[in-house]
Amino acid sequence: MNTERKVALVVGANGVVGRDIIDHLHTLGDWEIVGISRRGGEDTGRVRYIAVDLLDPDEAREKLGGLTEVTHIFYAAFQDRPSWAELVPPNLAMLVNTVDAIEPIAPGLRHISLMQGYKVYGAHLGPFKTPARETDAGHMPPEFNVDQQSFLERRNQGKAWTWSAIRPSMVGGAALGNPMNLALVIAVYASISKELGLPLRFPGKPGAYDSLLEMTDANLLAKATVWAATDERGARQAFNIANGDLFRWNEMWPKIAAFFDMEVAPPLPMSLETVMADKESLWKEMAAKYGLAHSYDEVSCWGFGDFVFALDYDMFGDTSKSRRAGFHEYVETEQMFLAIFAEFRRLKIIP
């Protein structure tokens, strides 16, 4: 086997993160890429797709059994469940089944990259220590991110391959098909509000409007993920990855409203999942009027919006470890939002 050959297996290829990892690898030119997900995809150039249910270990071994030349696994798959405890079994099983299928047949395996998040620090539970650092103490389980990393650490004992754990803040990207796409929540909420002749109101808790937050651009995240997987300074390490700036909604919200040519009214706490439940018929009218390309179900992730807009405490991490190790990219969050909204318009996702 040519030791210089790089073959990436991107797990969760249709999600916001997975798609951007594939796109970034494609621009680098020296990678062969295999994307896997439940739905599969359409092969293009150096990218081919496999549809596989990773919860079925037999199907995983069967569908992935020919991928003997994989050198890098980029794991970015996620399955949602109603409670934190219920998230553990499926999300741990998918990673275990992927590694069980690939590691025994891929002698050139060099690295397994694990996509995590600030749940490692308890960000979803309530106010946590900020800035969060990779060395912070753990919290009471269940937490599938922690279980996944523990599995890789145990599996890695005595092996030649290495691993890395990438911890983004809230991810911003233009891909659909992800239940945690904040930019899409805002864009569709703004579009519907504008169609109804309403100003753009912040719908979250009062304290959330003034809290300090950060975001992680999906393309920046892809670059950081590949960097950690291919630079020896990233081996067997966890890294917080974020844009590099902080913001408060009280400053960002008017700028978002300006993009949509809307007025801003004072915040009004409301559940988006509740108030948007009856808007499908309006969206169909908007789709016909503006030539939109996606159904209401495809652009709805209101539960995640309610979660983010209820964060009435600071949520940000210390990203200096990645800079000290050699990753120096950054993105201005305001420009990230505006670029994503423009892309949504170009793709006819919003008017």
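Tutor: Let us begin with a single residue. Val-299 has a relative accessibility of 0%, so it counts as buried. Please bear in mind throughout that this is a predicted model.

Student: Where does Val-299 lie, and which residues is Val-299 in contact with beyond its neighbours within four places in sequence?

Tutor: Val-299 belongs to helix α10, which covers residues 296-299. Leaving aside the neighbours within four places in sequence, its contacts are Leu-184, Val-188, Trp-283, His-294 and Ile-349.

Student: How should I read a sheet?

Tutor: The general idea is that strands of a sheet pair through backbone hydrogen bonds, in either a parallel or an antiparallel manner. In this structure there is an open sheet of 7 strands with parallel pairing, and the order is β3-β2-β1-β4-β5-β6-β10. At its edges are β3 (47-51) and β10 (237-241), each of which pairs on one side only. On average, neighbouring strands of the sheet are turned by 20° against each other, with direction ignored.

Student: How many bridges join strand β1 to strand β2, and which residue of β2 is the bridge partner of Val-7?

Tutor: Strand β1 (residues 6-11) and strand β2 (residues 31-37) run parallel and are joined by 6 bridges. The partner of Val-7 in β2 is Glu-32.

Student: Which helix lies across β2, β4, β5, β6 and β10?

Tutor: That is helix α6 (residues 218-230), which runs at about 160° to β6.

Student: Strand β1 also holds Lys-6. Is Lys-6 buried or exposed?

Tutor: The cut-off for a buried residue is under 20% relative accessible area. Lys-6 has a relative accessibility of 18% and therefore counts as buried. Its side chain makes a polar contact of 2.8 Å with the side chain of Asp-30. Not counting residues up to four places away in sequence, Lys-6 touches Asp-30, Trp-31, Glu-32, Thr-71, His-72 and Arg-110.

Student: How many salt bridges does the model have?

Tutor: The count comes to 17 salt bridges. One of them joins Arg-155 to Asp-100, with the closest N and O atoms 2.8 Å apart. This pair links distant parts of the chain, since Arg-155 is in helix α4 (residues 144-155) and Asp-100 is in helix α3 (residues 84-102), 55 residues apart. Asp-100 counts as partly exposed, at 29% relative accessibility.

Student: Which helices are linked by the pair Glu-334 and Lys-255?

Tutor: The side chains of Glu-334 and Lys-255 meet in a salt bridge of 3.2 Å, N to O. The pair links distant parts of the chain: Glu-334 is in helix α13 (residues 333-346) and Lys-255 is in helix α7 (residues 249-259), 79 residues apart. Lys-255 is partly exposed, with a relative accessible area of 32%.

Student: Where do Arg-346 and Glu-343 lie?

Tutor: Both are in helix α13, 3 residues apart, which is about one turn of the helix. Arg-346 counts as exposed at 58% relative accessibility, while Glu-343 is partly exposed with a relative accessible area of 26%. Elsewhere, salt bridges that share partners join Asp-100, Glu-103, Arg-155 and Lys-159 into one network.

Technical notes. Residues are numbered from 1 along each chain as its sequence is written. This is a predicted model: local features need pLDDT of at least 70, side-chain atom pairs count only at pLDDT 80 or more; totals for chains, interfaces and linings use all residues. Side-chain values use heavy atoms; hydrogens and water are left out. Two strands pair if DSSP finds at least two bridges between them. Helices (H or I, at least four residues) and strands (E, at least two) are DSSP runs, numbered from the N terminus. Axes are lines fitted to C-alpha atoms, for helices over the stretch in contact, and angles run from 0 to 180 degrees between N-to-C directions. Contact means heavy atoms within 4.5 Å. A salt bridge is a side-chain nitrogen of Lys or Arg within 4 Å of a carboxyl oxygen of Asp or Glu. Buried means under 20% relative accessible area, exposed over 50%, partly exposed in between (1.4 Å probe, protein chains only). A polar contact is a pair of N or O atoms within 3.5 Å; within protein, one must be able to donate a hydrogen and the other to accept it, and residues adjacent in sequence count only if both atoms are side-chain atoms.
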